[in-house]
Structures are given as structure tokens and as C-alpha cells.
Amino acid sequence: MWTRIALIVALGANLANAQQIPDRPEKLAFDTLKFQMPRAKDFKAKLKNGIPVYVASEPEGAPLVRIGLRWRGGGYMDPKGKEGLAQIFGSQFAHGGTARLSPAQMEDRLEDLAASISSNCSETSGTLSMQVLEKDFPEVLGLFMEVLTQPAFAQDRFDLAKRSLRQGMDRRNDSVTTIAPAQMNRLLHGNTHFAALDPTATSLEAITLDDLKAFHARLMHPGNFMVTISGRFDRKTMLDKLNATLGTLKPGKDAQVSPKIPAPDHARMPGIYVVDKDAPQAMLQWAFPGMRRSDPDWHAAYVMNQILGASGFTSRLTKKIRSDEGLTYGVRTALGEGAHWRGDFTGGLQTSNTSVAYAMRLALAEMQRLKNVPVPMTELKVLKDGLCEAFPGNWSDKRTVANIFANEALAGWAEDWSA
């Protein structure tokens, strides 16, 4: 009886609401979107040893706590002849056990707690992360600190990581989609710059456990670290806990602040470069000098890039080369932000060998048209409105906001630049 009455009431309410729906789409009315840009100062704190922390407390959220310890330092610090060291370090930092626990013991305990600790290291930075239920936070934070300060780098895991990289190397010249980016990196940065260097069989063989330990010892300086923490907790209580753990870190005798990321000094040679590969399709890539995100023309260039090739199916290149000509499944362009040196304006597509030249001519013609013919105001308005309306979605929750601010700071951009 009560269930039927409830359903009837709900149905009646829905019918009443339905009567308010306009008969034509253009009659729909929407409230004005109100969006207040988050500010870094509302999230940022500092531990007693100087480590910045971006705190996203969500007392009404899911009963989870997440920590991300970011660091400056990565592949650009690999010693000559040991390319791949930072990459292996990142894969083994959280998975090689600790001085007290073997890898299997650590994994078993984390599985019992439905928690995780993971790590990675790229060319310029890395992250040690953890996720845990609120009730188990103290124990997993203790395990996290063990991993951070007492990693064991188990020999069997280390050997497996090297074998896995070696197997990947054996396949990297099998496909045009891996060959082209590697060659483009060499053309843009030179053969000796870290951005163009890949691990080799010789460099992997030269890397030892002592190298991983030395990399870790060098990294362990508070000046290299930055923390994000999000989840269900009280902000002040959590900062007290972080100060009692991460806030106690001091530089070891071998610790150093990571050096500045070096810019390439390679003299680029414009031209058309061909890499022969016996394959039914070709990977076509292009690159032009770009700018840094701090350039006064950045926002105009960003909109230009969206019009040309970065907005998916609505971009001009996609409409022309995919939809009209049917030469590729996808074509995109990208405008590099240039965090450490001037970025590049790049693009690419995959097509049959016989249509490479034609596809390139079409792409260049669209670029020339964008340069010579003003963009119609209707096209420009649709794109700008879409970008503005989508922007608040980039800041969808506190955790996302904290991560954005941390990544911005790690890359060296000015605080609140995105505002």
C-alpha cells in the first residue's frame, strides 16, 4: 500500500514538472553559470621542514585518504651510459620491499587492507603514491614512510624490471607508431639530450642495485619534494600527522637538490626526413617552433590550435583529411607548453604509404588558410564558448584542484597562473 502511494505521488510530481518543459529547444532557459576560480593559498600549507603540501579535505566524501609525494628529478639525471636508471628506479621504489618487509610481505599486507602504494619516475619528475581507507590510514602511512626512507630494491624484482625493459626495446622498431616519435625527438633535441635518449641493452646491463640506492640517496632532500593529500579528514589533524612523519625528513649526507632541467642546445635543421620501414602504412609527423605558456600570445595560439587540430572531430584537419578525404582515422595537433624550454607546435597522422604526400599537402594548406583567411566569427564563437563552458570541469573536485596546483608548482609555473 505505502509503496504504491509513494509511486503515485512521485509520478504526479514528474507529470507536474513535465508541464513546465518548453515545446521548442530554443525556449529552454538556463541559469547563469557561476564559477569561482580556486586559489592555491586555500589549499597550500608547508611542513616544518619546508615541504609544500596541497591539502584537499573532503569531510563528507568517501572514507578514503590519498597521498602523492612528488619529486623533482628523473631521467635527465641518468649518468651517461646508464640511461633507463630513473625509469627502473620509479618502477622499483614501491615494489622492491623495505628493510623490514619483503616485496611479498608488503603486497600481502596492503592487499589485506585494500590499500595501495605505487611509484613511477619520468624524465623530469616522479611520484610515490598511496591510497587507503580512512580507518587504516595510520598503518599504511607507516608503510609509506618505510618505502620512502628504507627501500630495499629486491634483486629478483630488479632483474625482472630490466628484462621487461629489454623486451620492450626488442619491439620498439617493429611499428611506425614508435619509430616516428623517437626519430622526431632526435631531430628536435639532438642525439645527446636526455629527451632523445632511450635505454639500450648496454645501458641496462650497466645499471646495478647500487645505482638505484645512490639515486634514492641523492633524491632524499626535502627541497625536492611536494605533497598532495586528499580525502576524508580534518585538515589541522592531518597536517599534524604529516609533520610528525614527512615533516621530519632531513637531507642525508648524499642528498642534493635536483639540478635545473637542461634545455637542448641542438641546432635544428629544417627539412623532410624519411625513415624506411617495410610496413603498409606510414606515420607522418611534423613540428614547428612554438612558444612557452608564459608568452603573451599563448591564449591566441591555444585557440588557433583547437581550431586547426586539437578539438577532435570538429577540428579543420579532421574534417578535411579524415571526413572529406578518408585518408586517416585520426589527425591531431598539439601546442607544447614549454615548461623547461620553448615548446613546439606538433601534429601527426597515420595513413597509407601512397597518400603521405597528399595528406601533408592538405595539412599544410589548412595551416596556410588559417594564417591568411580570418576565422569566421561564428566558428570562433562556438569554439571559445565551448572552451569557456568546459573550463570549470577542469576543477571538478578538491582532489583534482590540489593535483593541478602541485603539478603547476612542480613544473615551475607561477602560482595561480591558470587563474
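Trainee: Over how many bridges do S8 and strand S9 pair?

Mentor: This is a predicted model, in which local features need pLDDT of at least 70, side-chain atom pairs count only at pLDDT 80 or more, and totals for chains, interfaces and linings use all residues. Residues are numbered from 1 along each chain as its sequence is written, and side-chain values use heavy atoms, with hydrogens and water left out. Strands (E, at least two residues) and helices (H or I, at least four) are DSSP runs numbered from the N terminus, and two strands pair if DSSP finds at least two bridges between them. S8 and S9 (residues 344–352) pair in the antiparallel sense, and the count of bridges is five.

Trainee: Which strands stand at the edges of the sheet?

Mentor: The open sheet has three strands in the order S7-S9-S8, with antiparallel pairing. Each edge strand has a single partner strand, so one side of each is left without a neighbour in the sheet; these are S7 (281–289) and S8 (331–335).

Trainee: At what angle do helix H10 and helix H13 pack?

Mentor: Axes are lines fitted to C-alpha atoms, for helices over the stretch in contact (heavy atoms within 4.5 Å), and angles run from 0 to 180 degrees between N-to-C directions. The axes of H10 (residues 298–310) and H13 (residues 377–390) are 11 Å apart, and the packing angle is about 110°.
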